[in-house]
Amino acid sequence: MLSLHPARKRSKHPARRTPRIGLAIAGGGPIGAMYELGALRAIDEAIEGLDLTRLDCYVGVSSGAFLAAGLANRIGTEEMCRGFITGTSDDIGFRPETFLRPNTGEYLRRMARLPALSLAWGRRLAAHPARALRWSELMARFGGLLPTGMFDNRALERFLHDVLSRRGRSNDFRNLDTDLFVVAVDLDTGEAVRFGEPGWDDVPISKAVQASGALPGLYPPVEINGRHFLDGALRRTMHASTVLERGIDLMIGINPLVPFDASRAPRRSGEAEPLGLAEGGLPAVLSQTLRTLLQSRMQIGMEKYPQQYPEVDQLVFEPNAGDSELFSINLFSFSARQRVCELAYRNTRADLRARAAELRPVLAAHGLRLREELLADPQRSILDSLQPPPPRSTETTARLRRALDDAERLLAPAPSPRRRTRSTRRVV
């Protein structure tokens, strides 16, 4: 589903300046990240003149921060698909099991406190048996034994640190050629912190992404500069204002989680009325609750943004509410990543095809156009969009290719709209 909000006061770009484009990517767990990757691949392929690795501003939240960090480091959607979907990348060695290792260290540290707590509770039981056996008393006394997260998220940080420290890329916000912001929430204050802003730009990108993706209960909080941080979606779903307030002309947003609407789900001929979501038990109820909360908060913000930023064109891509197949997939599963990517790729292409007439003037205002001849094939799959893997690269050849790409853009007749130096960053 595409939400399109054309600018009401679109300003004319001076001849010396090309349009500025920003990207906001929300969170949604492993499945959300794979949906976003499929959507981004479809957008990347279908919009001529758009280079998702050379935009002017990126903001990522939770799993979206993972993708935003890659794009800001010029890892394209095609290479990401090879790394996360087909496994044919010689650069990104993705292994899902490394992200689901039990948080053993914290388990052991907390269980070491059990003897002392048991002794204190035994004394309490002897003195006040009825009170000591109350459920509230037991939880207050022994609740601290529970770990803050089921899985160890340090592997994610190590993986991203490795990827961003090779082939001319950078794990330092300050060394990027673009603005990248990763949002996390301070556990003790509830404050949203934007890593990448002055004062927080010395934090490694990989560490910031680890903090932004620390979903409560699944991963433990991440300590940075003496503070503990959790998933950035706890405050806002997409943090699109981070992009909008930086003088851009076009914003593209991706939100992978919407509540399921059974009334809009297609049914086969003769199929009975679908069972209510309550029949799916607690997992279905929690999934629908999370999706509803995240989307409702995003909608509140998106309704205000056209008035607050009337000069900005805004495109936000989301799944279809009636997509029962997408809803039935475990939010935290890795096994269905290719299927989810494919669904997102096809949904996004269908949205672009259906709204082509409305999109043409909006995109044209920024020097972009739809490749409608490519969108015309409804059977095209995400695998069809991938070229054969390039020859295997070494560190040296990868850096050389990156340098040659930079040189080619500098020598082009017209200056690139997506490149600027760090010294010209605009911070609001």
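The side chains of Arg-169 and Asp-91 meet in a salt bridge, with N and O 3.0 Å apart (a salt bridge being a side-chain nitrogen of Lys or Arg within 4 Å of a carboxyl oxygen of Asp or Glu). This pair links distant parts of the chain, 78 residues apart: Arg-169 lies in the loop between α8 and β5, and Asp-91 in the loop between α3 and α4. Helices (H or I, at least four residues) and strands (E, at least two) are DSSP runs, numbered from the N terminus. Arg-169 counts as buried at 12% relative accessibility, and Asp-91 is buried with a relative accessible area of 7%. Salt bridges that share partners join Asp-90, Asp-91, Asp-162, Arg-166, Arg-167 and Arg-169 into one network. Buried denotes under 20% relative accessible area, exposed over 50%, and partly exposed in between (1.4 Å probe, protein chains only).

The model is predicted; local features need pLDDT of at least 70, side-chain atom pairs count only at pLDDT 80 or more, and totals for chains, interfaces and linings use all residues. Residues are numbered from 1 along each chain as its sequence is written, and side-chain values use heavy atoms, with hydrogens and water left out.

Asp-91 also meets the side chain of Arg-166 in a salt bridge, at 2.7 Å from N to O. Arg-166 is in the loop between α8 and β5 (179-186), 75 residues from Asp-91 in the loop between α3 and α4 (104-111). Within helix α3 (residues 77-86), Arg-82 and Glu-78 are 4 residues apart, and therefore separated by about one helical turn. Their closest N and O atoms are 3.0 Å apart, forming a salt bridge, and both residues are buried. The structure holds 25 salt bridges.

A search of the whole structure finds 0 disulfides (pairs of cysteine sulfur atoms within 2.5 Å). The sulfur of Cys-341 is 5.2 Å from the closest cysteine sulfur, in Cys-81, which is too far for a bond. Cys-341 is buried at 0% relative accessibility. Cys-57 is likewise buried, with a relative accessible area of 0%. Arg-20 and Cys-57 are 37 residues apart in sequence and 8.4 Å apart in space, C-alpha to C-alpha. Arg-20 is located in the loop between β1 (2-5) and β2 (21-25) and is buried, at 14% relative accessible area.

The mean pLDDT of the chain (the predictor's confidence in each residue, from 0 to 100) is 83, and 86% of residues reach 70 or more. Over residues 415-428 pLDDT stays under 50; for this segment the model has 39 contacts beyond four places in sequence, a contact meaning heavy atoms within 4.5 Å.
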